[in-house]
Amino acid sequence: MRDGSLDPTIWRNLPDEIHEHILAFLPFPTLFRCATVCKQWRNIAHGTHLRLTRAAPTTAAPWPAYCPVRYTQTETGALHWSGFSLATNKWQPLPQLPLPSSPGKSIITGSGGLLVVYKPNSIFVCNPVTGQRRELPPTNQKWLRPDILHMIVNELTASYKIILAGTEAYSASKPQPTEVYDSATNTWTITGSLPTDLYLDTQDAALENGLLYCTAQKAYMQTGDTLVGTDALVAYDVARGVWSEVASHLPDESARQTPLVCGGKMIMAVAPVDDDGPVGCFYALNAASRRWELLASMPEELHRRVRSWGVCSVVAGQHIVVVSDTAQGCVVAYDVNRRTWSELRSPIKFGKSSKVISNKDVRSLAPISFCPDMNASP
């Protein structure tokens, strides 16, 4: 030490193994910033030794998850994104996605340390931490824009499945398609379709015990071929490849509703319809009676801050996080086990590369949980 500062020659002359060992213990945001310092540190951050050190259970602690994520798609198709950490109550700019820029609106989902990016005519799976990516083979049928895009990771077999279901081009005379990709075989398979009187109406879905829960509408025809109907909760059995109806009605059919699994309960998050209407609520499904029971209502003071719900997701298995659909992105959390509300006020950051936003850039929220993992392979 000289005058309280570290002699730069000491750090410069350290063997790469020491560099790798030190960097492996850094928090994820710090490692991400260090990787931009120089080529040597970037190579170390993406190196095999650091991945092995991170994988050892007795050394580096797991990195916390980021949920939900918010991303900006520029006019050229480039994606910039950030994630919210419940542990630090901050939005963290995340590594640039290793994907080619291409026009067309993207849909993002993911599980664990992997992300799936759906674009017209292409689907990519990538690990944002290592920079690895993989373009999936073409699907068996042409998809305009799926209603459901969901990823399921099997940690035991180090494999994953991607589910595409529903389509914007709904027709009562055609079944709603479902197609599943299996990384173990690198193939797409067409499975059971939704009944013709049901159609999916949102990207929101929740997985529990091999069942993928989604909201749908039970459609019937009126004069003038106008589709109307009632909302329902449906489930896709991943192993059997079939759909079934779980509940014939939802708590409030006039509002946006998001299926969630939290604290071992099937929960429906009901967003407020407008500023002057009722506050947002959570309902739990009674498995025996198949009726919805009120679980919690958002306090009025929090309702005034959030108002328009942008996304609703589950963090750490017991917290329901609601993010407002505004530039400020007010965040509110509900602890299902303690039955307590809290406001997590933190401005959204998109990173230096996305400070200049044009009118044609698109901002979106995704209710996914991204867990940085150097050993997740696409």
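## Aromatic pairs

The model contains 11 aromatic pairs, counted where ring centres of Phe, Tyr and Trp (its six-membered ring) lie within 6.5 Å; planes under 30 degrees apart are stacked, over 60 edge-to-face, and the rest tilted. One of the pairs is F28 with W63, tilted, with 5.2 Å between centres and 55 degrees between the planes. This pair links distant parts of the chain: F28 sits in helix α3 (residues 28-34), while W63 is 35 residues away in the loop between α5 (48-55) and β1 (69-73). Both F28 and W63 are buried, that is, under 20% relative accessible area, where exposed means over 50% and partly exposed lies in between (1.4 Å probe, protein chains only).

Y181 and W188 also make a tilted pair, at 5.3 Å centre to centre and 50 degrees between planes. Y181 and W188 are both buried. Elsewhere, F282, W309, Y334 and W341 form one aromatic cluster.

## Basis of the model

This is a predicted model, in which local features need pLDDT of at least 70 and side-chain atom pairs count only at pLDDT 80 or more, while totals for chains, interfaces and linings use all residues. Residues are numbered from 1 along each chain as its sequence is written, and side-chain values use heavy atoms, with hydrogens and water left out.

## T139

T139 lies in the loop between β7 (132-135) and β8 (148-154). T139 counts as partly exposed because its relative accessibility is 26%. Leaving aside residues up to four places away in sequence, T139 touches I123, L164, E179 and W188, a contact being heavy atoms within 4.5 Å. The C-alpha atoms of T139 and L164 are 9.7 Å apart, and the two residues are 25 apart in sequence. The T139 side chain also reaches the backbone oxygen of Q141 at 2.6 Å.

## S324

S324 is in strand β21 (residues 319-324). With a relative accessibility of 1%, S324 counts as buried. A polar atom of the S324 side chain lies 2.9 Å from the backbone nitrogen of C330.

## Whole protein

The protein has six helices and 24 strands, taken as DSSP runs numbered from the N terminus (helices H or I, at least four residues; strands E, at least two). Of its 378 residues, 47% are buried. Among contacts with a separation of 6 or more, 51% are between residues 24 or more positions apart.

The accessible surface is about 18,700 Å², and carbon and sulfur atoms account for 50% of it; the areas come from the Shrake-Rupley method with a 1.4 Å probe, and for residues only the protein chains shown count as cover.

Note on methods: Polar contact = N/O pair within 3.5 Å; in protein donor to acceptor, adjacent residues only side chain to side chain.
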